[in-house]
Amino acid sequence: MSGGRASEGPGCITWWGFSPARDLLSTGPVRHERNVNILLVGSGDPRHILKTISSLRDEESLHVWVIENSMELVARQLLLLYLALMPKESMGTNEKTEVFLEVFGNGEIRSQTEETLRHAASQLSLAVTETVETATHPCLNTTLLKFKERDELARIFKLWIQPRPSLSSSTCAAPILMSKVWDYRVRQHLGTCYDCKKERFDWDLIMKLHEKECGVINKQQYARWRERGLAFEMREGAYQITNQSLLSSRVFSQRGDKVAVRGYWGDIVSSPYLSFGIETDDKSLLKTQNGQHIKTAQDISIATVQELFQSLSSRRGCPTTSQSVAETGEPSPSPEADPKSVTINDLMRLSGVSVTFLPMDSLNKLPEKQKYSHFFNTIYFSASCAHQLGPMMRQIAAPDAVLVVELAKYILDLNKEQEAGFAKKVASMALEAGFEPWREGQSDDVHAVFIPQRK
């Protein structure tokens, strides 16, 4: 038995989801068309947003409304959307994919990636502190947040922007080293099994993830992530600068006082590969040879994110292939183009697409507002926020709405009984809220899908 804490595995902040990206327009009995409103509660990252945009038809419009349970998650969602919307002229698709995945799943990043992150944070800080009623960018809309929440966002972005202190500096606080805070979490999680951690990593991969059809997650890559927090290592370079966007504060009780400790408090077991790296429509990426997958979860993540980014460019009206300027009139990304000169106004604007962030406490207040009465075509709850599912959902759900709830399949520290118990509890809460299972007995074990009860 381990002397550690199994509950420490998933962490207390959801930097990435515990399920693959889903096209939420096509989840359920009918595809919602025309003007679609989707509410995401605690999704943690923009995977579902990007996947859903990629399936949009020309005549359709999509408005995504996002509620998170911490402003640190809102800040990171904004950062990842900012990177996804970088125009090709300043950052080609390949480079953008690498930078996005590096920021998404690496505890430590390269110096040039850190410069891009800091520039993005400075632009986002300017946007959230502007006292305007109209969003600076339709996919980065924070105008409905409370003033104190926008102030908190500005504070978080400032932490990301501040320069690293030099060795001779005496004015700056000592930087947080990801290697130390990551190792602290691993020790807390494994306890007395820490000395045989490599064997524990292998066990979690082979007996848990591979048993859950995640065979594409490669042993070497998974072990590297479990050891160092480094999921995506795609090119030569030193990955040694702490990824500030993965740091957050956690409150502990010390001798009766509440103390906020800044560190890494996210997932250290399931991995960032789940979001983009275990499912793909390109079956050639899932081929096996002698029982082993030829491609890895990193390969699939790269291919998936590249495809999503090409869809974004297409929505903007850019070509999705490497056609010449003469053919398209669209300039190719220049090697001299500098991502650090991009402003929010330069980001791609996607036809008919907007993303709005709502206040953290707004879920129970939406039913009180006439605007949101029977408003949302799809409502999505993450596993970490499923407990917030309540009867008020019917008031804000459209008559033909779909309710999607992430299940606990990929929360590896739960056993099969706990996983099944979670699914049963979700079904019970959905029924109490006025929803019934869609295609009972046929839904997958990753998400539970419900529709309004028939009268």
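**Helices that cross**

Me: What makes α3 and α4 "roughly perpendicular to each other"?

Reply: α3 and α4 count as roughly perpendicular, because the class runs from 65 to 115 degrees (under 35 is roughly parallel, over 145 roughly antiparallel, the rest oblique) and their packing angle is about 85°, with the axes 10 Å apart. The residues making that contact (heavy atoms within 4.5 Å) are V99, E102 and V103 of α3 and T113, T116 and L117 of α4. By class, that gives three nonpolar, two polar and one charged. The classes go like this: Ala, Val, Leu, Ile, Met, Phe, Trp, Tyr, Cys and Pro are nonpolar, Asp, Glu, Lys and Arg are charged, and the others, Gly among them, are polar.

Me: Before we go on, what kind of model is this, and what gets counted?

Reply: It's a predicted model, where local features need pLDDT of at least 70 and side-chain atom pairs need 80 or more, while totals for chains, interfaces and linings use all residues. Residues are numbered from 1 along each chain as its sequence is written, and side-chain values use heavy atoms, with hydrogens and water left out.

Me: And why do α2 and α4 get the "roughly perpendicular" label?

Reply: Helix α2 (residues 71–84) and helix α4 (residues 111–129) pack at about 110°, with axes 10 Å apart, so they are roughly perpendicular too. On the α2 side the contact uses L78, L79, Y82 and L83, and on the α4 side T116, L117, H119, A120, Q123 and L124. Those residues divide into seven nonpolar, three polar and no charged.

**Helix lengths**

Me: How do you know that the length of α6 fits a helix?

Reply: The expected span is 1.5 Å times one less than the number of residues. For the 13 residues of α6 (residues 178–190) that comes to 18 Å, and the end C-alpha atoms are 18 Å apart, so the two agree. Just after α6, G191 takes a positive phi of about 60°.

Me: How does α10 do on that test?

Reply: α10 (residues 297–316) has 20 residues and reaches 29 Å from first C-alpha to last, close to the 28 Å expected. Its buried residues include I300, V305, L308, F309 and L312.

Me: Why is M86 called buried?

Reply: Buried means under 20% relative accessible area (over 50% is exposed, in between is partly exposed; 1.4 Å probe, protein chains only). M86 comes in at 1%, so it counts as buried. M86 sits in the loop between α2 and α3 (93–105). Leaving aside neighbours within four places in sequence, M86 contacts M91, K96, P339, V342, L347 and M348. L347 is 261 residues away along the chain, yet its C-alpha is 5.3 Å from that of M86.

Me: What makes P20 buried?

Reply: The relative accessible area of P20 is 1%, so P20 is buried. P20 lies in the segment before β1 (35–41). Not counting residues up to four places away, its contacts include R47, H48, L274, Y410 and H447.

Me: Which parts of the chain do the buried residues of α6 pack against?

Reply: They pack against β3 (108–109), α7 (197–209), α8 (219–228), β4 (241–242) and β6 (257–263). M178, V181 and W182 are among those buried residues.

**Salt bridges**

Me: How do you know that R110 and E102 form a salt bridge?

Reply: A salt bridge needs a side-chain nitrogen of Lys or Arg within 4 Å of a carboxyl oxygen of Asp or Glu. The closest N and O atoms of R110 and E102 are 2.9 Å apart. R110 is buried at 4%, and E102 is buried at 0%.

Me: What about E108 and R228?

Reply: Their side chains meet in a salt bridge at 3.3 Å, N to O. The pair links distant parts of the chain, with E108 in strand β3 and R228 in helix α8, 120 residues apart. E108 is buried at 11%, whereas R228 is partly exposed at 34%.

Me: Why are E152 and R155 said to be about one helical turn apart?

Reply: Because they are three residues apart in helix α5 (residues 147–161).

Me: How many salt bridges does a search of the whole structure find?

Reply: The search finds 25.

Methods: Axes are lines fitted to C-alpha atoms, for helices over the stretch in contact, and angles run from 0 to 180 degrees between N-to-C directions. Helices (H or I, at least four residues) and strands (E, at least two) are DSSP runs, numbered from the N terminus.
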